[in-house]
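Me: Please take a close look at a single part of this model. I would like one connected account of the contacts made there.

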Amino acid sequence: MPKRASARRGTPDGPGGWVCYILACADGTVWVSDDRGAVTRIAPDGKQTLIGSMRAAPNGLAMDREGTIYIANIDDSKVYRLHKDGREEVILDSFEGKSLG
């Protein structure tokens with residue numbers, strides 16, 4: 001059973017003040033979005049790693065079969081692809097010529 005993750009606000013080793021979305025993987029890894037504008041990976045042993053740096057409000061997470069995370073960001077009305085190395089790219093910012101926001 002994975003260890004419990006800490007949720008200390010504003011620290012690099014735990015989710016921020018609020019946790020918005022959680023993805024749980026079969027291997028015990030948990031991914032959370034929080035108010036630091038990024039995603040935290042919590043390994044089965046409890047080790048936490050901050051990934052990405054959108055500096056906004058991630059408000060939805062999804063993961064494809066390859067482990068790539070997709071993030072809906074309500075601050076800038078964009079959808080991002082978050083690569084495992086922390087690179088982010090905007091993959092959707094409008095639909096039929098209109099902003100998502």
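**A buried strand residue and a loop contact**

Reply: Asp34 is found in strand β2, residues 30-34 (strands are DSSP runs of E, at least two residues, numbered from the N terminus). The model is predicted: local features need pLDDT of at least 70, side-chain atom pairs count only at pLDDT 80 or more, and totals for chains, interfaces and linings use all residues. Residues are numbered from 1 along each chain as its sequence is written, and side-chain values use heavy atoms, with hydrogens and water left out.

Asp34 counts as buried because its relative accessibility is 0% (buried is under 20% relative accessible area, exposed over 50%, partly exposed in between, with a 1.4 Å probe and protein chains only).

His83 sits in the loop between β7 (78-82) and β8 (88-92). His83 is also buried, because its relative accessibility is 18%. Leaving aside residues up to four places away in sequence, His83 touches Ile51 and Glu89 (contact means heavy atoms within 4.5 Å). The side chains of His83 and Glu89 are joined by a polar contact of 2.7 Å.

Glu89 also meets Arg81, side chain to side chain, in a salt bridge of 3.2 Å, N to O (a side-chain nitrogen of Lys or Arg within 4 Å of a carboxyl oxygen of Asp or Glu). A search of the whole structure finds 1 salt bridge. Arg81 is partly exposed because its relative accessibility is 25%, and Glu89 is partly exposed because its value is 31%.

Technical notes:
Helices (H or I, at least four residues) and strands (E, at least two) are DSSP runs, numbered from the N terminus. A polar contact is a pair of N or O atoms within 3.5 Å; within protein, one must be able to donate a hydrogen and the other to accept it, and residues adjacent in sequence count only if both atoms are side-chain atoms.
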